[in-house]
Amino acid sequence: MRRTILCAALALSVLVPANAQVFGKATNIPAQGSYTPSFKVDGAKKRPLNIILMIGDGTGLAQISAGFYANGGELTLTNLRTLGLVSTQSADDYTTDSAASGTAYACGQKTNNWVVGVDTEGKPIPNLPEKLAPLGIVSGIVTTDEMDGATPSSFFAHQANRGMSAEIWGDLPSSSIIFFAAGSKENFERQSEATREAVRSRFVVTDSLDPALRDAPRLGYLPPASETQSMKYGRGDFLPASTTYAIDFLMRHKTARRKGFFLMVEGARIDKSCHANEFEPAVKEMLDFDKAIEAAIRFAEKDGNTLVLVTADHETGGLSLCHEGNPAEGTVAGWFVTSGHTPIPVPIYAYGPHSQDFIGMQGNEEVSRKIFSLLSGK
C-alpha cells in the first residue's frame, strides 16, 4: 500500500524550531509513470522555434523531491539532465511574492512585490507576448489559478497591485496572447458586463476543450471552478489536458510553424497547498504538474525545435523532508517551517535546443531575457 509516513513530533523536537509544524499522514497516492526523452535534440546549438516555460508556483527542491519519492523514485522532471538555479528576490524585498517574480519572468526586469507588469515607478514593462507578437510569434497561458492570479496576469496585464482583479481582466482584451486556459467560469462571470463583452469580442470563450474550436483565431478556456480546484477535492486532468490542447492550438496558428510560439504553463496549487501547510495535497499537485511536464517534453521530443523550461517563481513553506521514507514503497514525509514564501533559490530544468544556456545560477529576470533572445534571435 502506497502511504505517507508521519514523522513523530517528539522525535523531531530537538531538530526543528519549536514553531515548526509537522505534517504527513497515511495515504494512497496512485503511482504514475514517467517519461524519459532520447536527448537527441537536448543541448543542440540551433535556435529553438518554440519555448514552453513551466512555473510550479511555490516549488523548491523539497517539493520536487517529495513528489519524486512518493512516486517510487521517478518523475519526468527528474529524468531531465540539464538544470541550474534561479534567485527570486524582488526589487524591494529579500523574499519575493508571485507578482514580482512573475513580472521578472514575463518582462525581464526586477520589480516590487505586489505589482503586475510594471516597474518600480509604476510604468508598464513590455512582457514576452507583447515583445514577441511583432515578430509573428504567438503566445498562450495555462494555469490552475484564476486568470487574474499574480503569475498569469504578469504575462498580459499592467497594474499597480495584484489585487486589482477588475483592472487585470480589463487588460486581457488588448493583450497579445491568443490562447488561455484558467479557472474559472465563475470568476469570469463576476466581472462587469462591459469587461465580459470586451473579452468575448477578442476571444472565443468556452467552458470545455472542444476539438472543434482548435482553429479559432483566439480562444479562452474557462471551465467551472471544480475543474481547477485543489487535487485534494478531486480535480481531474485539467492541467496536462490543457497543456496538450494549448500546444496543438498554438501550432495550428498560421504563423506558428514558421515563426514559433511561447507558452507559459503554471501549476499554481502547489503553492496554495504549501501556504496551507498541507503536505499530501502538495505532493499530489506536484505529481499532476509532472504530467503536464511530460506532455510538454513529449511534444518537444517529437517536434525537435522546442525548448522546455521548468522552474518556480519562489519556494513556499520552507519545506523539508523527514529522514523516514522509502521510495520503493512510495513513502515520504515532511514538515513546513513557515506558511509564507522563502528566499531559497529554486531549480530550473531545461530540455531541448540551447538547454545548456540555463545551467548555473541566474536571476528570474535573466531567464526572461534568455527566452526573448533565443526566440527573437536578438
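A disulfide here is a pair of cysteine sulfur atoms within 2.5 Å. By that rule, the count comes to zero disulfides. This is a predicted model: local features need pLDDT of at least 70, side-chain atom pairs count only at pLDDT 80 or more, and totals for chains, interfaces and linings use all residues. Residues are numbered from 1 along each chain as its sequence is written, and side-chain values use heavy atoms, with hydrogens and water left out.

**Stop 1**

Select Cys 107. Its relative accessible area is 5%, so Cys 107 is buried (buried means under 20% relative accessible area, exposed over 50%, partly exposed in between, with a 1.4 Å probe and protein chains only). Now select Cys 274. At 0% relative accessibility, Cys 274 counts as buried.

**Stop 2: H3 and H13**

Stay with Cys 107 and show helix H3 (residues 98–107) together with helix H13 (residues 364–376). Helices (H or I, at least four residues) and strands (E, at least two) are DSSP runs, numbered from the N terminus. H3 and H13 pack at an angle of about 25 degrees, with axes 6 Å apart. Axes are lines fitted to C-alpha atoms, for helices over the stretch in contact, and angles run from 0 to 180 degrees between N-to-C directions. H3 and H13 are therefore roughly parallel (angles under 35 degrees; over 145 is roughly antiparallel, 65 to 115 roughly perpendicular, the rest oblique).

Which residues of H3 and H13 make the contact? On H3, pick Ser 101, Ala 104, Tyr 105, Ala 106 and Cys 107. On H13, pick Asn 364, Glu 365, Val 367 and Ser 368. Contact means heavy atoms within 4.5 Å. These residues divide into five nonpolar, three polar and one charged. Ala, Val, Leu, Ile, Met, Phe, Trp, Tyr, Cys and Pro count as nonpolar, Asp, Glu, Lys and Arg as charged, and the others, Gly among them, as polar.

**Stop 3: H2 and H12**

Move to helix H2 (residues 61–70) and helix H12 (residues 279–303). Their packing angle is about 80 degrees, and the axes lie 9 Å apart. That makes H2 roughly perpendicular to H12. H2 brings Gln 63, Ile 64, Ala 66, Gly 67 and Ala 70 to the contact. H12 brings Phe 279, Val 283, Met 286 and Leu 287. By class, the contact has seven nonpolar, two polar and no charged residues.

**Stop 4: Pro 240**

Finish at Pro 240, in helix H9 (residues 238–252). Is Pro 240 buried or exposed? At 11% relative accessibility, Pro 240 counts as buried. Beyond neighbours within four places in sequence, Pro 240 is in contact with Asp 288, Lys 291, Ala 292 and Ala 295.
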